[in-house]
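Please walk through the following model with its sequence and coordinates open beside the text.

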Amino acid sequence: MTIAVLLKQVPDTTAKIAVSGGRVDQLSVSKWSTSPYDEYALEYALKLKEAGAGNLVAITCGPQRASKMLTDAAAVGADSMLHILADTSEMDSEQIQSILAAAIRHCEAEIVLCGKQAADTNSGSTGPGVASRIGAACVGMVSEVEVEGGSFSALRASSSGNERVSVSKPCLFTFDKAATELRRPNVKGIMMAKRKVIETVSPQDLGVEIGDSKVNIESQNSPPEKPPGQKFEGAESVPIVVLKLREEANVI
Amino acid sequence: MEITIIAETSGDGLHPVTGQLVGAAGSLGGPITVLCPGGRGASEASDISGVSKVISLEGDCFASFDSGAWSSAMASCSQGTVIASSSPRGRELGAQIASKMGIPVVQDVTVIEDGLMLTRPVYSGKAVETSSVSPPFVVTLRQNAFEEAENGGNAEVVTVNNTSEVSIAVKEAIAKAGERMDVSEADIIISGGRGMGNPSNFSHLNDVADIIGAAVGASRAAVDSWEEIPHSMQVGQTGKTVNPTLYIAVGISGAIQHLAGMRSSKYIVAINKDPDAPIFGVADYGIVATWEDALPSLKEELGKL
Ligand SMILES: Cc1cc2nc3c(=O)[nH]c(=O)nc-3n(C[C@H](O)[C@H](O)[C@H](O)COP(=O)(O)OP(=O)(O)OC[C@H]3O[C@@H](n4cnc5c(N)ncnc54)[C@H](O)[C@@H]3O)c2cc1C
Ligand SMILES: Nc1ncnc2c1ncn2[C@@H]1O[C@H](COP(=O)(O)O)[C@@H](O)[C@H]1O
């Protein structure tokens, strides 16, 4: 059996985002990292692998620089790596999902883990959309998953707290932040990863005709600046602020 | 253009954001159908002005949440452009319905302009993106970003039976500690950070919250340091994104990852003893004081209103 984890490389959450010519300036990004929730997906994919659920393949679709993320995943224990070389920055939901769904089929994976949303798009579309394309059950907002006999037990957020649910393969889990330590590569892992070969393909190699995006990005801009706030010294100012909240802002 | 709205439900009724979805849909023109999964909130939905039809969608699959099953049962009742809330559930359903209908989805939109220009925050609010799209498509809308439609409608309610095979079995429900309102549902939020010193001091935040009907949130440092503060309270990059009318940050420094989850709040109040705390950079009203000094007075003043 094969487990797939979908990893997206995004500007590190501490990196400044600059805009030029109506687009986020990718070249000015100081540091690229694995999207935060994807790291939890990877951690639980490793746990499932260790519990004997199958081999683990790390998949990304992105430019050349994204391959580093796959090597890092191999250094902590991913068995193989698939890199679909393509620029995803102007792709719509259908395009990216059809590529990743084809990649999952290509790897014959029946268990898929990914992030609940990527730190660049902030969408949360990919996991559920891919699940529907590959005919897998979709368990969203998961913070724990484990093997339970022939199926899987997961903890997911619900409207009234958390729920423990059970699901069989084929299934896809979208990960929220989880209460677990993330493992970091050690020297031996890094050496091993260097010997592993990344399978690099194009969307066409996977049989995907991506076509035109149906969602055209007209512009990306910096968020509108807020007018500077008012600052008051000391607790004596609390009554003034409460008055302003009532009379200026009209919110209480 | 026909519009189908996926009702956002809360318990057995309608979540107030549904009225905002109808309000936003009104600007697109075209008949509006509200789809109520599990029939929940159907009669409330028919009261919303501007709604032409309510589909009370009944089926066994709606007993527990399975976005695959729900979306299969819902897609065949969805016509034209589909609008849902950008809640976790709304996003998951929106994405699945889009892929089942073979149309794109745009999530978490905050502005819809003529010519179908959709604006949404990206990069955790560090940029905004405007896209053009032609119908049909699926769009999820951020709570509190759109004017709510008024009541006074009288749409016909049609019951449709449709179900689909469920693949997720709920084994156990683990209730949240306490009965407090969830931050993602609240119009006013008061959040505490590491500056609260210890978790029992959150009782002061609870007191304020009780007076003004607020939810209580927390920074990641608070959630990580204290077991008593559950992750469900966390606001920020790896917590919840909130968009209330009023956000009060107490003893929170204002790290970029915290701001990512709350900077689009309409009004922000910060209480922090450090005049240089970055939270003051986004606050509409900043109070440089310790919470020990400021909260009693805040309680008293709010109590007078
Ligand atoms: C990948 C990643 C994701 C993250 N996601 C999140 C997230 O989702 N949410 C989040 O919040 N953080 C997140 N963080 C953590 C974030 O970087 C900060 O560490 C965190 O927000 C700090 O929390 P804090 O403001 O409560 O604590 P601190 O930074 O320690 O600030 C405490 C503040 O309290 C003030 N203070 C102290 N005593 C008092 C007093 N008596 N009265 C009044 N003020 C007082 C201090 O002046 C200080 O400003 C993330 C970090 C990373 C790397
Ligand atoms: N280009 C990509 N390559 C690999 N995984 C991706 C890609 N885009 C999205 N994903 C996965 O899907 C999740 C949700 O992405 P999004 O729908 O963009 O918010 C991410 O956290 C990743 O796990």
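**Strands, backbone and ligand sites**

In chain A, strand β9(A) (residues 137-148) and strand β12(A) (residues 171-175) pair in the parallel sense over 4 bridges, where two strands are said to pair if DSSP finds at least two bridges between them, and where strands (E, at least two residues) and helices (H or I, at least four residues) are DSSP runs numbered from the N terminus. This is a predicted model, in which local features need pLDDT of at least 70 and side-chain atom pairs count only at pLDDT 80 or more, while totals for chains, interfaces and linings use all residues. Residues are numbered from 1 along each chain as its sequence is written, chains are lettered from A and ligands numbered from 1 in the order in which they are written, and side-chain values use heavy atoms, with hydrogens and water left out.

In β12(A) its bridge partner is Phe175(A), and in strand β10(A) its bridge partner is Arg156(A).

Backbone geometry deserves a separate look. Most residues other than glycine have a negative phi, and most peptide bonds are trans. The peptide bond from Lys169(A) to Pro170(A) is cis, with omega near -5°, and Pro170(A) is found in the loop between β11 (161-167) and β12 of chain A. In chain B, the peptide bond from Pro135(B) to Pro136(B) is cis, with omega near 0°, and Pro136(B) is found in the loop between β10 (127-133) and β11 (138-141) of that chain.

Another set of strands in chain A can be traced from β6(A). Strand β6(A) (residues 55-62) pairs with strand β7(A) (residues 80-85) in the parallel sense over 6 bridges, and Gly62(A) stands opposite Leu85(A) in β7(A). Together with helix α2(A) (residues 67-75), β6(A) and β7(A) make a right-handed β-α-β unit; right-handed means that, with the strands pointing away from the viewer, the path from the first strand over the helix to the second runs clockwise. Strand β7(A) is also joined by 4 bridges to strand β13(A) (residues 198-201), which runs parallel to it, and Ile84(A) has Val201(A) as its bridge partner in β13(A).

Which element gives the largest share of the shell around ligand 2? That share, 3 residues, comes from β6(A), while β6, α3 (93-106) and β8 (111-115) of chain A each supply at least two residues of the shell. Of the 19 residues around ligand 2, Asp38(A), Cys61(A), Thr121(A), Gly124(A) and Thr126(A) come nearest, a residue being near if one of its heavy atoms lies within 4 Å. A polar side-chain atom of Asp38(A) lies 2.4 Å from an oxygen atom of ligand 2, and a polar side-chain atom of Thr126(A) lies 2.6 Å from an oxygen atom of the ligand. The protein covers 98% of the 480 Å² of accessible area that ligand 2 has on its own, the areas coming from the Shrake-Rupley method with a 1.4 Å probe.

Ligand 1 is surrounded by 26 residues, and the closest are Arg194(B), Ser219(B), Thr238(B), Ser253(B) and Gln257(B). Residues from chains A and B surround ligand 1, so the site is shared between chains. A nitrogen atom of ligand 1 is 2.6 Å from an N or O atom in the side chain of Thr238(B), and an oxygen atom of ligand 1 is 2.8 Å from an N or O atom in the side chain of Asn272(B). For ligand 1, the protein covers 78% of the 980 Å² of accessible area that the ligand has on its own.

Technical notes
Polar contact = N/O pair within 3.5 Å; in protein donor to acceptor, adjacent residues only side chain to side chain.
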